[in-house]
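My notes follow the order in which I checked things.

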Amino acid sequence: MDYFLELFFGGLTRGSIYALIALGYTMVYGIIQLINFAHGEIYMIGAFVALIVAGVCTIYGLSGVSILILAGIVAVIYASAYGYTLEKIAYRPLRDAPRLSPLISAIGMSIFLQNYVLLAQTPDFLPFPRLIPEFAFMEPVAYILGSPELVILVTTLVTMILLTLLIKKTKIGKAMRATQQDMNMARLVGVSVDRIISLTFVIGSALAAIGGVLVASYIGQVNFYIGFLAGVKAFTAAVLGGIGSISGAVLGGLILGWAESFAAGYISSDYEDVFTFGLLVLILILRPSGILGKSTKQKV
Amino acid sequence: MTVLLSTLALLLSMTATGFAADTIKLGVAGPHSGDLAPYGIPAMRAAQLVVKQVNANGGILGKQVELLIQDDQCKPEIATNTATKLVTDGANVVLGHICSGATKAALGIYKDAKIPVMSPSATNPPLTQSGDYPNFFRTIASDDMQAKMAVDFALNKLGVKKIAILHDKGDYGKGFAEFAKKFVEESGKAEIVLFEGITPGAMDYSSIIQKVRRNDAEALIFGGYHPEASKLVSQLARKRVKAAFISDDGVKDDSFLKVAGSAAEGAYMTGPRDLSKIPLNAEAVAQFKAEYGSEPGAFFQEGYAAALALLNAIQKAGSTDYDAVTNALRTQYVETPVGKIKFDAKGDAEGVGFSVYTVKNGKFVELQ
């Protein structure tokens, strides 16, 4: 039973990070039907910015949690700026172009950002300080859950509640929902569609940056290439849950995390990826729009 | 005129054959041109330096040593021609070839001609282990030697009974892990409780770490590189798993120390032996620098060692007879830049190559 719990919480931690990143994919897709393939790189940039901030803070003698919070805030601001700029220069000019063009542009931006960080920083793996303080839990609990996992879970949960409140309760949220339903109609009733789209990118990037900082301080290393795998996994989570659906992204992330964790635990980690992507194919065959996705009719 | 020429030719050939009987012929084969030349030229120069010194000291068995240098470009099809040429030229022993593929192609020819061959760089395990080439020796550790060393260390020094083996699914890491598995099974001293591949770049390895703990593994042998090893050791520490971490030279990198930090303490890994303490190594490098004015390059020390080992064996054997020379290689120790070596029954050098290191106070420390 305790083994099951270990795998359950391991999968939950992993899955909540996937969900956090998947939200960025799903929100952008929900509004402009674009798969933002550069999203994983925003996550990676968030981690790098946090690394730099943490380095500077250490010089000035700050420590632990204060660095984590400060690095998190700066990473969020920086990554949001990247997300905003990305939309402005790579996607906005192509908004009326055929659907394939912004997709190619997204892949291009992904490769560009990877190489930019590679050249500006280094191809090596860099040590990331473990900013989440470690508490010694009691013996049986310590194997199942540690303080870093707890911090990740709580942060993700709080972030998701805030996001839900933003979308459901605020005026901005209402405008976002309106834009998602029908962009032209929203424009006609006075919603500044361009601003809403920019905002979506900013929010998605901020979430990715939070994910980046949490993961980097959890595993203790960063590298220019970490965004690729995280991006693929989060994209899979978004599709699994039903792309365009916020709760779908969260559900998809968790399912993916658990699938990986249980596959590695009960079968073999050799087949971790085989199992998760097999699951994706299976769900797409049974429910092409994803678990919580709505099968929308093609607009005419 | 014709008579004069033919007499001259006759005289020349007579002096040539007469001279040949008075030299020991050391063949040197390897890539001396083309893109792989940087791997072949240092060994060739090592042979030249050794021969120069030996000849200056009066040669071997009262004879001068003559070099027969042939370029094989690391290509198997050229290597067979090279080997045939060296055999017809009467090489007594051959230093080479450099690449494993070329070495393998040429070995059969030398075997039929009964010529001992010693490579400074061919690491492919079957070259010695298949037993097909009793004439083959090498002064470099083979790919599986690291795994052997890691397993011996775990079994004999740490005395563990339950071993978990992980790898990163790559050629290098998986190869290491599979050899480790084989050696543990052959020893019969320990049980393999887990053998699995992990996904490089994955966010966490907690599931696999739990498995290591649940199987009560006393040691974790990992084949792969330092980014994954850093993650593994940190998660081992976090989950308070006591298993000793043992890995390969892909992990013996300063990045591992930096990234894994305190979690790296007490980890073990194999790595190329520290040659700087061997006096003959410093001497050979100084000799090279004096002659060529630059750093020696890849496989220089191994090439130097091979030339010394071959000539020493002829000296000890008292002749260039195949059986006497190979016997001397297997029984007589020789001081070389890679250490004091002799060769085992299969042709691998004993006392060469790798050492086990551990991390102590943030530094790699060589264990004896």
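**Entry 1: the interface**

I noted at the outset that this is a predicted model. I looked up the contact between the two chains and found 30 residues of chain B touching 36 residues of chain A. The area buried between chain B and chain A is about 2,800 Å², and carbon and sulfur atoms account for 46% of it.

**Entry 2: polar terms across the interface**

I counted polar contacts next, and there are 14 residue pairs between chain B and chain A, with both residues at pLDDT 80 or more. I listed the elements that give two or more residues to the side of chain B touching chain A: strand 7 (191-197), helix 8 (206-214), helix 9 (226-238) and helix 10 (254-260) of chain B. Helix 8 of chain B gives the most, seven residues. I also sorted that side of chain B by class and got nine nonpolar, 10 polar and 11 charged residues.

I went back to helix 8 of chain B to see how covered it is, and eight of its nine residues are buried. Among them are the charged residues Lys211(B) and Arg213(B), along with Ile208(B), Ile209(B) and Val212(B).

I looked at strand 9 (residues 244-247) of chain B from both faces. Ala244(B) and Ile246(B) are buried on one side, and Phe245(B) and Ser247(B) are buried on the other. Strand 8 (residues 219-223) of chain B pairs with strand 9 of chain B in the parallel sense, over three bridges. Within this pairing I located Leu220(B) opposite Phe245(B).

**Entry 3: a salt bridge between chains**

I ran the salt-bridge rule over all chains and it returned 19. Across the interface of chain B and chain A it finds three. I picked the one where Glu149(A) and Lys239(B) meet, at 3.7 Å from N to O. Glu149(A) sits in helix 6 (residues 147-169) of chain A and Lys239(B) in the loop between helix 9 and strand 9 of chain B, so this pair joins two chains. Are these two partners buried or exposed? Glu149(A) has a relative accessible area of 4% and is therefore buried. Lys239(B) is also buried, because its relative accessibility is 6%, under the 20% limit.

**Entry 4: salt bridges within a chain**

I checked Lys233(A) and Glu260(A), whose closest N and O atoms are 3.0 Å apart in a salt bridge. Lys233(A) lies in helix 10 (residues 226-241) of chain A and Glu260(A) in helix 11 (residues 246-267) of chain A, 27 residues apart, and the pair links distant parts of the chain. Lys233(A) counts as buried at 2% relative accessibility, and Glu260(A) counts as buried at 0%.

I set beside this the salt bridge of Lys289(B) with Glu295(B), where the closest N and O atoms are 3.1 Å apart. Here Lys289(B) is partly exposed at 38% relative accessibility, and Glu295(B) is exposed at 55%.

Last, I followed shared partners and found one network of salt bridges that joins Arg14(A), Lys233(A), Glu260(A), Glu272(A), Asp273(A) and Asp204(B).

Definitions and conventions. Residues are numbered from 1 along each chain as its sequence is written. Chains are lettered from A and ligands numbered from 1 in the order in which they are written. This is a predicted model: local features need pLDDT of at least 70, side-chain atom pairs count only at pLDDT 80 or more; totals for chains, interfaces and linings use all residues. Side-chain values use heavy atoms; hydrogens and water are left out. Contact means heavy atoms within 4.5 Å. Buried area is the accessible area (1.4 Å probe) that two parts lose on being put together, summed over both. A salt bridge is a side-chain nitrogen of Lys or Arg within 4 Å of a carboxyl oxygen of Asp or Glu. A polar contact is a pair of N or O atoms within 3.5 Å; within protein, one must be able to donate a hydrogen and the other to accept it, and residues adjacent in sequence count only if both atoms are side-chain atoms. Helices (H or I, at least four residues) and strands (E, at least two) are DSSP runs, numbered from the N terminus. Buried means under 20% relative accessible area, exposed over 50%, partly exposed in between (1.4 Å probe, protein chains only). Two strands pair if DSSP finds at least two bridges between them.
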